[in-house]
Amino acid sequence: MTDTQSSRLAAETATGGSIVDVSFTVNGSATSVTVEARRTLSDVIREDCELTGTHLGCEHGVCGACTVLVDGQPSRSCLMLAAQAEGRDITTIEGLAGPDGELHPVQQAMMDAHGFQCAFCSPGFLMSTVALLDENPDPTSEEIREELSGNLCRCTGYQSIVDGVERAVKIMKGGSK
Ligand code: FES
Ligand code: FES
(Lines give C-alpha, C1' and ligand atoms only; values in the text may rest on other atoms or scores of the structure.)
(Ligands and ions follow the chains in the order given, each with its own letter.)
Protein backbone atom coordinates (compact mmCIF):
# COMPACT_ATOMS: atom_id res chain seq x y z
CA MET A 1 0.00 0.00 0.00
CA THR A 2 1.36 3.44 -0.96
CA ASP A 3 1.63 6.33 1.51
CA THR A 4 -1.30 8.02 -0.23
CA GLN A 5 -3.46 4.93 0.06
CA SER A 6 -2.47 4.57 3.74
CA SER A 7 -3.38 8.19 4.43
CA ARG A 8 -6.71 7.78 2.68
CA LEU A 9 -7.52 4.61 4.62
CA ALA A 10 -6.59 6.33 7.89
CA ALA A 11 -8.80 9.31 7.01
CA GLU A 12 -11.71 7.08 6.04
CA THR A 13 -11.34 5.10 9.24
CA ALA A 14 -11.20 8.28 11.32
CA THR A 15 -14.22 9.87 9.67
CA GLY A 16 -16.28 6.76 9.15
CA GLY A 17 -16.92 7.76 5.55
CA SER A 18 -15.38 7.65 2.13
CA ILE A 19 -12.94 10.24 0.88
CA VAL A 20 -13.08 11.61 -2.66
CA ASP A 21 -10.79 13.66 -4.84
CA VAL A 22 -12.62 16.47 -6.59
CA SER A 23 -11.32 18.87 -9.22
CA PHE A 24 -13.17 21.95 -10.37
CA THR A 25 -12.57 25.52 -11.40
CA VAL A 26 -13.42 28.24 -8.93
CA ASN A 27 -13.36 31.85 -10.08
CA GLY A 28 -11.14 30.84 -12.97
CA SER A 29 -8.59 28.90 -10.92
CA ALA A 30 -8.21 25.15 -11.26
CA THR A 31 -8.74 23.63 -7.82
CA SER A 32 -8.37 20.11 -6.43
CA VAL A 33 -9.49 19.01 -2.99
CA THR A 34 -9.62 15.72 -1.13
CA VAL A 35 -12.74 15.71 1.01
CA GLU A 36 -15.21 13.45 2.77
CA ALA A 37 -17.88 12.41 0.27
CA ARG A 38 -20.62 13.73 2.57
CA ARG A 39 -19.34 17.34 2.61
CA THR A 40 -21.32 20.05 0.91
CA LEU A 41 -20.00 22.34 -1.77
CA SER A 42 -20.70 25.34 0.48
CA ASP A 43 -18.49 23.97 3.26
CA VAL A 44 -15.68 23.15 0.84
CA ILE A 45 -15.88 26.59 -0.76
CA ARG A 46 -15.73 28.29 2.62
CA GLU A 47 -13.33 26.03 4.51
CA ASP A 48 -11.07 24.40 1.94
CA CYS A 49 -11.03 27.15 -0.69
CA GLU A 50 -11.18 29.86 2.02
CA LEU A 51 -13.79 31.80 0.04
CA THR A 52 -15.97 32.91 2.91
CA GLY A 53 -18.01 35.40 0.89
CA THR A 54 -20.51 32.62 0.26
CA HIS A 55 -22.80 32.81 3.29
CA LEU A 56 -24.71 30.05 5.04
CA GLY A 57 -28.12 30.82 6.48
CA CYS A 58 -30.59 27.97 6.66
CA GLU A 59 -28.31 25.24 5.26
CA HIS A 60 -31.31 23.41 3.84
CA GLY A 61 -32.12 25.15 0.60
CA VAL A 62 -34.59 27.81 1.73
CA CYS A 63 -32.83 31.17 2.07
CA GLY A 64 -30.57 31.37 -1.00
CA ALA A 65 -27.68 32.96 0.92
CA CYS A 66 -25.31 30.24 -0.30
CA THR A 67 -26.06 30.73 -4.00
CA VAL A 68 -23.09 30.33 -6.35
CA LEU A 69 -22.96 29.86 -10.10
CA VAL A 70 -22.27 26.33 -11.32
CA ASP A 71 -21.56 26.39 -15.05
CA GLY A 72 -23.33 29.75 -15.05
CA GLN A 73 -26.49 28.51 -13.35
CA PRO A 74 -27.47 29.74 -9.87
CA SER A 75 -27.15 26.84 -7.43
CA ARG A 76 -27.63 26.44 -3.71
CA SER A 77 -24.23 25.26 -2.59
CA CYS A 78 -25.62 23.99 0.72
CA LEU A 79 -27.68 21.41 -1.18
CA MET A 80 -24.87 20.24 -3.44
CA LEU A 81 -22.15 17.81 -2.48
CA ALA A 82 -18.63 18.93 -3.29
CA ALA A 83 -18.22 15.65 -5.17
CA GLN A 84 -20.95 16.80 -7.58
CA ALA A 85 -18.74 19.75 -8.55
CA GLU A 86 -16.27 17.49 -10.35
CA GLY A 87 -15.31 19.16 -13.63
CA ARG A 88 -17.66 22.10 -13.05
CA ASP A 89 -16.98 25.82 -13.34
CA ILE A 90 -17.87 27.53 -10.05
CA THR A 91 -18.21 31.27 -9.59
CA THR A 92 -18.53 32.76 -6.12
CA ILE A 93 -19.06 36.34 -5.01
CA GLU A 94 -15.26 36.75 -4.88
CA GLY A 95 -15.17 36.11 -8.63
CA LEU A 96 -17.43 38.98 -9.66
CA ALA A 97 -15.05 41.94 -9.39
CA GLY A 98 -12.41 42.42 -12.06
CA PRO A 99 -8.74 41.61 -11.44
CA ASP A 100 -8.05 45.26 -10.73
CA GLY A 101 -10.81 45.33 -8.13
CA GLU A 102 -13.34 47.08 -10.34
CA LEU A 103 -16.79 46.10 -9.13
CA HIS A 104 -19.08 44.05 -11.34
CA PRO A 105 -21.92 46.31 -12.59
CA VAL A 106 -24.37 44.43 -10.37
CA GLN A 107 -22.19 45.06 -7.32
CA GLN A 108 -21.79 48.72 -8.27
CA ALA A 109 -25.51 49.16 -8.85
CA MET A 110 -26.46 47.55 -5.55
CA MET A 111 -24.00 49.75 -3.71
CA ASP A 112 -25.28 52.87 -5.47
CA ALA A 113 -28.88 51.93 -4.68
CA HIS A 114 -28.09 51.07 -1.04
CA GLY A 115 -29.69 47.74 -1.83
CA PHE A 116 -28.75 45.99 1.40
CA GLN A 117 -28.62 46.69 5.10
CA CYS A 118 -26.78 43.99 7.09
CA ALA A 119 -25.77 42.39 3.77
CA PHE A 120 -25.85 38.81 5.03
CA CYS A 121 -28.09 37.93 2.11
CA SER A 122 -26.17 39.98 -0.44
CA PRO A 123 -23.81 37.33 -1.89
CA GLY A 124 -26.77 35.12 -2.76
CA PHE A 125 -28.79 37.97 -4.23
CA LEU A 126 -25.84 39.20 -6.27
CA MET A 127 -25.11 35.77 -7.73
CA SER A 128 -28.79 35.22 -8.52
CA THR A 129 -28.97 38.67 -10.14
CA VAL A 130 -25.92 38.04 -12.30
CA ALA A 131 -27.54 34.82 -13.54
CA LEU A 132 -30.88 36.56 -14.08
CA LEU A 133 -29.39 39.37 -16.17
CA ASP A 134 -27.32 36.89 -18.15
CA GLU A 135 -30.53 35.13 -19.17
CA ASN A 136 -32.74 38.20 -19.39
CA PRO A 137 -30.85 41.50 -19.74
CA ASP A 138 -33.97 43.66 -19.52
CA PRO A 139 -36.36 42.14 -16.98
CA THR A 140 -39.51 43.84 -15.77
CA SER A 141 -39.94 44.64 -12.11
CA GLU A 142 -42.28 41.65 -11.82
CA GLU A 143 -39.74 39.37 -13.48
CA ILE A 144 -37.03 40.57 -11.10
CA ARG A 145 -39.25 39.85 -8.10
CA GLU A 146 -40.21 36.46 -9.48
CA GLU A 147 -36.65 35.41 -10.30
CA LEU A 148 -35.25 36.56 -6.96
CA SER A 149 -38.12 35.16 -4.93
CA GLY A 150 -35.95 32.24 -3.85
CA ASN A 151 -33.60 34.56 -1.98
CA LEU A 152 -34.68 35.78 1.44
CA CYS A 153 -33.77 39.07 3.09
CA ARG A 154 -34.68 39.84 6.67
CA CYS A 155 -33.86 43.56 6.55
CA THR A 156 -34.85 45.47 3.47
CA GLY A 157 -38.41 44.68 2.43
CA TYR A 158 -36.89 43.93 -1.01
CA GLN A 159 -37.72 47.24 -2.74
CA SER A 160 -34.15 48.54 -2.49
CA ILE A 161 -32.86 45.26 -3.92
CA VAL A 162 -35.24 45.50 -6.89
CA ASP A 163 -34.12 49.13 -7.34
CA GLY A 164 -30.52 47.91 -7.39
CA VAL A 165 -31.26 45.31 -10.06
CA GLU A 166 -33.03 47.91 -12.18
CA ARG A 167 -30.02 50.20 -11.81
CA ALA A 168 -27.75 47.32 -12.86
CA VAL A 169 -29.87 46.85 -15.98
CA LYS A 170 -29.30 50.49 -16.90
CA ILE A 171 -25.55 50.27 -16.27
CA MET A 172 -25.20 47.08 -18.28
CA LYS A 173 -27.16 48.60 -21.17
CA GLY A 174 -24.71 51.48 -21.15
CA GLY A 175 -27.09 53.93 -19.60
CA SER A 176 -26.44 56.38 -16.82
CA LYS A 177 -24.29 55.31 -13.91
S1 FES B 1 -27.86 28.34 3.23
FE2 FES B 1 -28.27 27.38 1.35
S3 FES B 1 -30.32 27.94 0.89
FE4 FES B 1 -29.97 28.76 2.89
S1 FES C 1 -29.77 43.02 4.12
FE2 FES C 1 -29.87 41.90 5.99
S3 FES C 1 -30.65 39.97 5.40
FE4 FES C 1 -30.72 41.13 3.59
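The model is predicted, so local features need pLDDT of at least 70 and side-chain atom pairs count only at pLDDT 80 or more, while totals for chains, interfaces and linings use all residues. Residues are numbered from 1 along each chain as its sequence is written, and chains are lettered from A and ligands numbered from 1 in the order in which they are written.

**The sheet**

Let's start with the strands. Helices (H or I, at least four residues) and strands (E, at least two) are DSSP runs, numbered from the N terminus. Two strands pair if DSSP finds at least two bridges between them. Here, 5 strands make an open sheet in the order β2-β1-β5-β3-β4, and the pairing is mixed. Because β2 (29-36) and β4 (73-76) stand at the edges with a single partner strand each, one side of each has no neighbour in the sheet. On average, neighbouring strands of this sheet are turned by 40 degrees against each other, direction ignored.

Strand β1 (residues 19-26) runs antiparallel to β2, and 8 bridges join them. One place to look is D21, whose bridge partner in β2 is T34.

**The helices**

Helix α4 (residues 122-135) lies across β3 (67-70) and β4, at about 35 degrees to β3. Axes are lines fitted to C-alpha atoms, for helices over the stretch in contact, and angles run from 0 to 180 degrees between N-to-C directions. Helix α4 also packs against two other helices, as the table shows.

| Helix pair | Angle | Axis distance |
|---|---|---|
| α3 and α4 | about 120 degrees | 10 Å |
| α4 and α6 | roughly 45 degrees | within 11 Å |

Angles under 35 degrees count as roughly parallel, over 145 as roughly antiparallel, 65 to 115 as roughly perpendicular and the rest as oblique. That makes α3 oblique to α4, and α4 and α6 are therefore oblique to each other.

Which residues of α3 and α4 meet? V106, Q107 and M110 in α3 meet L126, T129, V130 and L133 in α4, where contact means C-beta atoms, placed from the backbone, within 7 Å. In the α4 and α6 pair, F125, T129 and L133 of α4 meet I161, V165, A168, V169 and M172 of α6.

A residue is buried if 20 or more other C-beta atoms lie within 10 Å of its own, exposed if 12 or fewer, and partly exposed in between. The buried residues of α6 are I161, G164, V165, R167, A168 and V169, and they pack against α3 (105-112), α4 and α5 (141-147). Just after α6, G174 takes a positive phi of about 85 degrees.

**A loop glycine**

G61 is in the loop between α2 (41-48) and β3. Is G61 buried or exposed? With 12 C-beta neighbours inside 10 Å, G61 counts as exposed. Leaving out residues up to four places away in sequence, G61 touches R76, C78 and L79. The C-alpha atoms of G61 and M80 are separated by 9.7 Å, and these residues are 19 apart along the chain.

Terms used:
Two residues are in contact if their C-beta atoms, placed from the backbone, lie within 7 Å.
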